[in-house]
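Keep the structure open beside you as you read.

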Amino acid sequence: GLINHEINDLHKAIECYNKALEFDPSFVDALLSSANAYYSLKETDKAIELYEKSIFIRSISYRRVFLQ
């Protein structure tokens, strides 16, 4: 997805990020990259949804580490 993103093939990049997320729905880097691609496509509602999801997942991860 990153190479597609770099060459501005954002729809293909999103497709690749989605495949990565099928394997690991909590893969924050894929969520953020996908959100950035949607933002670049002016699909801000979808971008915000993914940004919020990544923040939620990241906060859960931090809580597990610091509350053990």
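Start with Lys42, which counts as exposed because its relative accessibility is 69%, above the 50% cut-off. You'll find Lys42 in the loop between H3 and H4. Its backbone deserves a look in this predicted model: phi of Lys42 is positive, near 65°, and the residue isn't a glycine. Now go to the loop between H1 and H2, where Asn8 sits. Asn8 isn't a glycine either, yet it has a positive phi of about 70°. With a relative accessible area of 58%, Asn8 is exposed.

From there, move on to H2, which runs over residues 10–23. Its 14 residues reach 20 Å from the first C-alpha to the last, close to the 20 Å expected at 1.5 Å a residue. Which residues of H2 are buried? They are Leu10, Ala13, Ile14, Tyr17 and Leu21. These residues cover an arc of only 95° around the axis, so they end up on the same side of H2.

H3 is next. Its end C-alpha atoms are 18 Å apart, which agrees with the 18 Å that 13 residues should span at 1.5 Å a residue. The buried residues here are Val28, Ala30, Leu31, Ser33, Ser34, Ala35, Ala37 and Tyr38.

Now for the inside. In soluble globular proteins, nonpolar side chains tend to be buried together. Here the largest nonpolar core has twelve residues, among them Leu10, Ile14, Val28, Leu31, Tyr38, Ala47, Leu50 and Ile57. H2, H3 and H4 each supply at least two residues of this core, and the largest share, six residues, comes from H3.

Two residues let you see what this looks like up close. Leaving aside neighbours within four places in sequence, Ala47 is in contact with Ala35, Tyr38 and Tyr39. The other is Ser54, in helix H4 (residues 44–66). Is Ser54 buried or exposed? At 3% relative accessibility, it counts as buried, since the cut-off is under 20%. Again leaving aside neighbours within four places in sequence, Ser54 is in contact with Val28, Leu31 and Leu32.

Key: Residues are numbered from 1 along each chain as its sequence is written. This is a predicted model: local features need pLDDT of at least 70, side-chain atom pairs count only at pLDDT 80 or more; totals for chains, interfaces and linings use all residues. Side-chain values use heavy atoms; hydrogens and water are left out. Helices (H or I, at least four residues) and strands (E, at least two) are DSSP runs, numbered from the N terminus. The expected span of a helix is 1.5 Å times one less than its number of residues. Buried means under 20% relative accessible area, exposed over 50%, partly exposed in between (1.4 Å probe, protein chains only). The arc is that of the directions from the helix axis to the C-beta atoms. Contact means heavy atoms within 4.5 Å. A nonpolar core is a set of buried Ala, Val, Leu, Ile, Met, Phe, Trp, Tyr and Cys residues joined through side-chain atoms within 4.5 Å.
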